[in-house]
Amino acid sequence: MPDTIMFECPDCGEETEHAILRGKLGKAGVEGTFRCSVCGRVFSGFIRLPRPFSVRVMLSDEDRTETTSTVLYENEILEVGDEFDLDDGRHVKITLIDMPDGKRVKKAAAPEISGLWVKAYGTLHVKVSVNDNRRTIPLYLDAEPGDEFSVGMIMHFDTWDAVIHAIKTRNKLIRRGSAEARDIVRIYGKKLHGDAALDDIEGQPFNEADYDDGAMDLGEE
């Protein structure tokens, strides 16, 4: 018997988490007494468990693509950009959703889906361009999707360090602040030379054109 269950609360009018105060688990659901975690409403009745079913998954991992499957539940709604774990523990992100009529959509109810296209999303290779005042050096940093990078943060490489000068995400260019690796398109950095004052580098105006050569080398889309 699970401790909680998702169900449409009679008072809230939307699906919320309910504590199972007492109940009996059957093949199709739970008969018992439940309490909504949002409004506190207590009621007795029968809650039908969502039906699980298997859907085809096309997984891209670096230069490899494999076909596998995952279990969805009939009350789920999936969207491009959603993240989840496959049965073997690999963390993935949805990139395309296939429908039975051959169309590809950005969002769909689970029972309508014929297949999912996903990419491995455990360790990301974040693009980095470091400028040393003469040239731009293209690099990659391995990071978890939730790792945070901030303007002014020091990046340590094998023989030298660099400070993050700006961060380009899918939606904007960050000159002050931070972003998670999952949202970053590219990090711009300035190489630290000897005793160069970090404050001086942070105060320099950012010009994306200074990194144009690095963008070409990295194959940025």
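Trainee: How many bridges join β17 to β20, and do they run parallel or antiparallel?
Mentor: Strands of a sheet pair through backbone hydrogen bonds, either parallel or antiparallel. Two strands count as paired if DSSP finds at least two bridges between them. Here seven bridges join β17 to β20, and the two run antiparallel. Within that pairing, Ala166 has Tyr188 of β20 as its bridge partner.

Trainee: What should I know about the model before going on?
Mentor: This is a predicted model, in which local features need pLDDT of at least 70 and side-chain atom pairs count only at pLDDT 80 or more, while totals for chains, interfaces and linings use all residues. Residues are numbered from 1 along each chain as its sequence is written, and side-chain values use heavy atoms, with hydrogens and water left out.

Trainee: How many helices and strands are there in the chain?
Mentor: Helices (H or I, at least four residues) and strands (E, at least two) are DSSP runs, numbered from the N terminus. The chain has two helices and 20 strands.

Trainee: Which other strands pair with β17?
Mentor: Strand β16 (residues 154–156) is joined to β17 by three bridges, again antiparallel. There His156 stands opposite Asp161, and four residues lie between the two strands of this hairpin. β17 also pairs with strand β18 (residues 173–174) in the antiparallel sense, over two bridges. In that pair Ile167 stands opposite Ile174, and the hairpin has three residues between its strands.

Trainee: Is β17 mostly covered or uncovered?
Mentor: Buried means under 20% relative accessible area, exposed means over 50%, and partly exposed is in between (1.4 Å probe, protein chains only). β17 is mostly covered, with seven of its nine residues buried. For the chain of 221 residues, 35% count as buried.

Trainee: Where is Arg186, and why does it count as buried?
Mentor: Arg186 is in strand β20 (residues 184–191). Arg186 counts as buried because its relative accessible area is 1%. Its side chain also makes a polar contact with the side chain of Tyr188, at 3.1 Å. A polar contact is a pair of N or O atoms within 3.5 Å; within protein, one must be able to donate a hydrogen and the other to accept it, and residues adjacent in sequence count only if both atoms are side-chain atoms.

Trainee: Which residues have the most contacts inside the largest nonpolar core?
Mentor: In soluble globular proteins, nonpolar side chains tend to be buried together. A nonpolar core is a set of buried Ala, Val, Leu, Ile, Met, Phe, Trp, Tyr and Cys residues joined through side-chain atoms within 4.5 Å. The largest one has 20 residues, and those with the most contacts inside it are Phe149, Met155 and Ile187. The elements giving two or more residues to this core are β13 (124–131), β14 (136–143), β17 (161–169) and β20. β13 gives the most, with four residues.

Trainee: What does Ile187 touch?
Mentor: Contact means heavy atoms within 4.5 Å. Leaving aside residues up to four places away in sequence, Ile187 touches Val126, Lys127, Val128, Ser129, Phe149, Met155, Ile164 and Ala166. There is also a second, separate core of 17 residues, which includes Leu59, Ile94, Leu116 and Val118.

Trainee: How do β5 and β6 pair?
Mentor: Ten bridges join strand β5 (residues 52–61) to strand β6 (residues 64–73), and they run antiparallel. Met58 has Thr67 in β6 as its bridge partner. Their hairpin has two residues between the strands, and Glu62 takes a positive phi near 60° there.

Trainee: Is Ser69 buried or partly exposed?
Mentor: Ser69, found in strand β6, counts as partly exposed because its relative accessibility is 31%. Apart from residues up to four places away in sequence, Ser69 touches Ser54, Val55, Val57, Leu86 and Asp87.

Trainee: What is the strand order in the open sheet of four strands?
Mentor: The order is β1-β2-β3-β4, with antiparallel pairing. The edge strands are β1 (4–8) and β4 (42–48), each pairing on one side only.
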